[in-house]
Amino acid sequence: LDGEWVWLPDDPEAYVLAKVLSRGGDGTTFLQLESGQNAQHKKTKKDSRDLIPANRSSMKRLMDDLVQMDNIDEATITYNLRERFFKDTIYTNLGTILTSITPFKSLGLYTPSIVDRYHHKGIS
């Protein structure tokens, strides 16, 4: 549908947010990236990745636990983890599983009080 927001597969970023401008008869979708640039997408045998519908309202808050997300798809999970990483929030739960993205810098996360807080947190 014209005007809807989608996740566009992108090699460097995994997915980028884009708005559908129109769809061509040959299966090409014409898009405008969130940055304002125009793009197009056509599913091919070589690149079978498809556009994924994006829920912009679910992107307004970053989730500590991915299970609580409104949409659970590869693009939205990637967005959530990337944005949390940029905010130096490298730990994210997926239910009872803790994921971590290495920041390659010291974040001061391992003080005794921080370690104690996570050690006794448990799963609620």
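Where does T96 lie? T96 lies in the loop between β6 and β7. I shall return to that loop at the end of this presentation. Before that, please keep in mind that what we see here is a predicted model.

Let me begin with the sheet. Five strands, in the order β4-β3-β2-β1-β5, form an open sheet with antiparallel pairing. The edges are taken by β4 and β5, each of which has a single partner strand, so one side of each is left without a neighbour in the sheet. As a general point, strands of a sheet pair through backbone hydrogen bonds, in either a parallel or an antiparallel way.

Strand β1, residues 5–10, pairs with β5 over 2 bridges in the antiparallel sense. There, V6 stands opposite P53 of β5. Next, β2 and β3 pair over 5 bridges, again in the antiparallel sense, and K19 stands opposite Q32 in β3. These two strands form a hairpin with 5 residues between them, in which G27 takes a positive phi near 95°. Finally, β3 and β4 are joined over 4 antiparallel bridges, with Q40 in β4 as the bridge partner of F30. Their hairpin has 4 residues between the strands, and here G36 takes a positive phi near 100°.

In general, nonpolar side chains of soluble globular proteins tend to be buried together. In this model, the largest nonpolar core has 8 residues, namely W7, Y15, L17, I52, A54, M59, A75 and Y79. The elements that give two or more residues to this core are β2 and α1. One member, A75, touches W7, Y15 and I52, leaving aside residues up to four places away in sequence. A second, separate core has 7 residues, among them V6, L8, L31 and L33.

The next topic is charge. How many salt bridges does a search of the whole structure find? The search finds 7 salt bridges, and I shall describe some of them.

In one, the side chains of D26 and K42 meet, with 3.8 Å from N to O. D26 lies in the loop between β2 and β3, and K42 in the loop between β4 and β5, so the pair ties together parts that are 16 residues apart in sequence. K42 is partly exposed, at a relative accessible area of 40%.

In another, R56 is joined to E34, and the closest N and O atoms are 3.3 Å apart. R56 lies in the loop between β5 and α1, whereas E34 lies in the loop between β3 and β4; the pair therefore ties together parts that are 22 residues apart in sequence. R56 counts as partly exposed, with 35% relative accessibility.

A further salt bridge joins R84 and D64, whose closest N and O atoms are 2.9 Å apart. R84 is in helix α1 and D64 in the loop between β5 and α1, so this pair links distant parts of the chain, 20 residues apart. Is R84 buried or exposed? At 5% relative accessibility, R84 counts as buried, whereas D64 is exposed, with a relative accessible area of 52%.

This brings me back to β6 and β7. Strand β6, residues 91–94, pairs with β7 in the antiparallel sense over 4 bridges, and Y91 has S100 in β7 as its bridge partner. The two strands form a hairpin with 2 residues between them, and G95 in the turn has a positive phi of about 65°. T96, from my opening question, is exposed, with a relative accessible area of 68%. The C-alpha atoms of T96 and D65 are 9.0 Å apart in space, although the two residues are 31 apart in sequence.

Within β6 we find N93, which is buried because its relative accessible area of 18% is under the 20% cut-off. N93 touches D64, D65, L66, L98 and K121, not counting residues up to four places away in sequence. I97, for its part, is found in β7. Together with V67 and L94, I97 forms a nonpolar patch on the surface, with about 250 Å² of accessible area in total.

Thank you for your attention.

Terms used. Residues numbered from 1 in each chain as written. Predicted model: local features only at pLDDT ≥ 70, side-chain atom pairs only at ≥ 80, totals over all residues. Heavy atoms only, no water. Patch = residues over 30% accessible without salt bridge, like charges linked within 9 Å, V, L, I, M, F, W, Y side chains within 5 Å. Areas by Shrake-Rupley, 256 points an atom, 1.4 Å probe, with all protein chains shown as cover. Salt bridge = Lys/Arg side-chain N within 4 Å of Asp/Glu carboxyl O. Pairing = 2+ DSSP bridges. Buried < 20%, exposed > 50% of the residue type's maximum accessible area, 1.4 Å probe, protein only. Contact = heavy atoms within 4.5 Å. Core = buried A, V, L, I, M, F, W, Y, C linked by side-chain atoms within 4.5 Å.
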